Amino acid sequence: MKVASEIIVRPARSVRGSIQLPGDKSISHRYGMLAGIAAGPSRIENYSTGADCASTLACMRELGVSWERKNDNVIEVQGLGLSLSAPSRPLDCGNSGSTMRMLSGIVAGQNFTSEMIGDESLSRRPMERVIKPLSAMGAQIESQQGNPPLRITGSKLKPIDYKMPVASAQVKSCLLFAGLFADGETRVEETIRTRDHGEVALRTFGAKLERKAVSSGNEVRIRGGQRLRGIEARVPGDLSSAAFFLCAAALFPESELTVPNLLMNPTRARLLDILMQMGLRISVTQLDEIHGELVGSLQVAGGKLKGTTIAGADSAALIDEIPVLAAIAPFTEQGIEIRDAKELRVKESDRIASVATNLRLMGAQVDEREDGLRIPGNQSLYGADIESYSDHRIAMAFAIAALRAEGETQIRGAEAAAISYPAFFETLDGLAKR
Ligand code: S3P
């Protein structure tokens, strides 16, 4: 589905209906990569429709893995086992930091050299966080002073005992994947809990790993040389994509949404607690565990919108949802304060600056800080020409703010939404009641 590059969003009175979400982006990347290094075939239903997860599959094909996309976003992958084939061209990760960071853990264990490239935004993003530990494991990595492109010469790896200096699930998954190619046990420790889809997916593909809480946080241990087996699985609906519609619902007391098949993994679901504290009414009508991931159905109704503060571990847990929470902050009673979120500055765009600039263009008062934002409540927004900065979450966040602005909002660079959610604007149009 192609998204127009400029989209006009008109104000709405409520959002109502049922949402079919694309498969979760974080899980789709991991399933796509692990299916490629599993022995035998995998069949994955509801694989993310986003361009980022397509970048992962394109890189896997370049590494010799064959796969096919069937109808209804089902992909069938013929896994090669742990040994992939040398690519004949650079692995193009597009806009996807997840692809570059996690796949680097797999190519670091191969007996060939891979070059990993990305678009302009990805080429500015920090890769030192994977280069340092993977180099300590024995991979040879060249970069542009810590930025892409990366040239990774793999080898048989040494295990590592690594305490992560940045809270990053991508780095954790990268090192656990690399741990499969190491001679012995790799241990990764995190002081702030990050999403655990890498750990859950490795177990689904048959790997054994140990997880436990330690005094300083959590640790995961994995032994090298384990063979993975193919799976048949369905990817739950993406909670970070649902976030846009949940925040839209929160803007109007008359909103009513049904959200079936939603990922509710506790390391991702903090948004639901926060939105409930802010006044959104959410009831869980069904809850199942599928391949280690919690999946539920929600019934959602609007209410009065209170403000909140997001700081500490919450900032890591809500990192992808902060742009849309910030975009609805002017409509809360007390406003929203975001602290400890400087990672936002190195996402697909500098999300602190992108949010502050766009909110100001819409007439809001915003206090921008190095590690966050303070956005007072009880403010009105006015339709404006806003810029996505080629960042999918910024394009979508401001489409939501536009629903309660006075007048029309033009979103430039709206096509960025296709990175994670090609059907976003169409779905929004169907739900927004005017
Ligand atoms: C992701 C982790 C987060 C998140 C990204 C997806 C993942 O990034 O922002 O959208 O799938 O592990 P970091 O690991 O850089 O925090």
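Good morning, colleagues. The structure is a predicted model, in which local features need pLDDT of at least 70 and side-chain atom pairs count only at pLDDT 80 or more, while totals for chains, interfaces and linings use all residues. Residues are numbered from 1 along each chain as its sequence is written, and side-chain values use heavy atoms, with hydrogens and water left out.

I begin with helix α7. Helices (H or I, at least four residues) and strands (E, at least two) are DSSP runs, numbered from the N terminus. Helix α7 covers residues 239-250, and its twelve residues should span 16 Å at 1.5 Å a residue; the end C-alpha atoms are 16 Å apart, which agrees. The expected span is 1.5 Å times one less than the number of residues.

Is α7 buried or exposed? Buried means under 20% relative accessible area, exposed over 50%, and partly exposed in between, with a 1.4 Å probe and protein chains only. Twelve of the twelve residues of α7 are buried, so the helix is largely enclosed by the rest of the structure. Among these buried residues are Phe244 and Phe245. At the N-terminal end, Asp238 caps α7, with a side-chain oxygen 2.8 Å from the backbone nitrogen of Ser240.

Next, the aromatic residues. Rings of Phe, Tyr and Trp (its six-membered ring) pair if their centres lie within 6.5 Å; planes under 30 degrees apart count as stacked, over 60 as edge-to-face and the rest as tilted. The whole structure contains six aromatic pairs. In one of them, Tyr31 and Phe205 have ring centres 5.9 Å apart and planes at 70°, so this pair is edge-to-face. The pair links distant parts of the chain: Tyr31 belongs to helix α1, and Phe205 to the loop between α6 and β12, 174 residues apart. Both Tyr31 and Phe205 are buried. Phe424 and Phe425 are also edge-to-face, because their planes stand at 80°, with centres 4.9 Å apart.

I turn now to a sheet. Two strands pair if DSSP finds at least two bridges between them. An open sheet of four strands runs in the order β6-β7-β9-β8, with mixed pairing. Strands β6 and β8 stand at the edges, each with a single partner strand, so one side of each has no neighbour in the sheet. Between β8 and β9 the pairing is antiparallel, over four bridges, and Gln144 stands opposite Asn147 in β9.

Finally, the charged residues. A salt bridge is a side-chain nitrogen of Lys or Arg within 4 Å of a carboxyl oxygen of Asp or Glu. How many salt bridges does the structure hold? There are 40 salt bridges. One of them joins Asp24 and Arg268 at 2.9 Å, N to O. Asp24 lies in the loop between β2 and α1 and Arg268 in the loop between β16 and α8, so this pair ties together parts that are 244 residues apart in sequence. Asp24 is buried, with a relative accessible area of 0%, and Arg268 counts as buried at 2%.

Another salt bridge joins Glu256 and Arg16 at 3.9 Å, N to O. Glu256 lies in strand β16 and Arg16 in strand β2, so the pair ties together parts 240 residues apart in sequence. Glu256 is partly exposed, at 43% relative accessible area, and Arg16 is partly exposed at 34%.

Definitions and conventions
A polar contact is a pair of N or O atoms within 3.5 Å; within protein, one must be able to donate a hydrogen and the other to accept it, and residues adjacent in sequence count only if both atoms are side-chain atoms.
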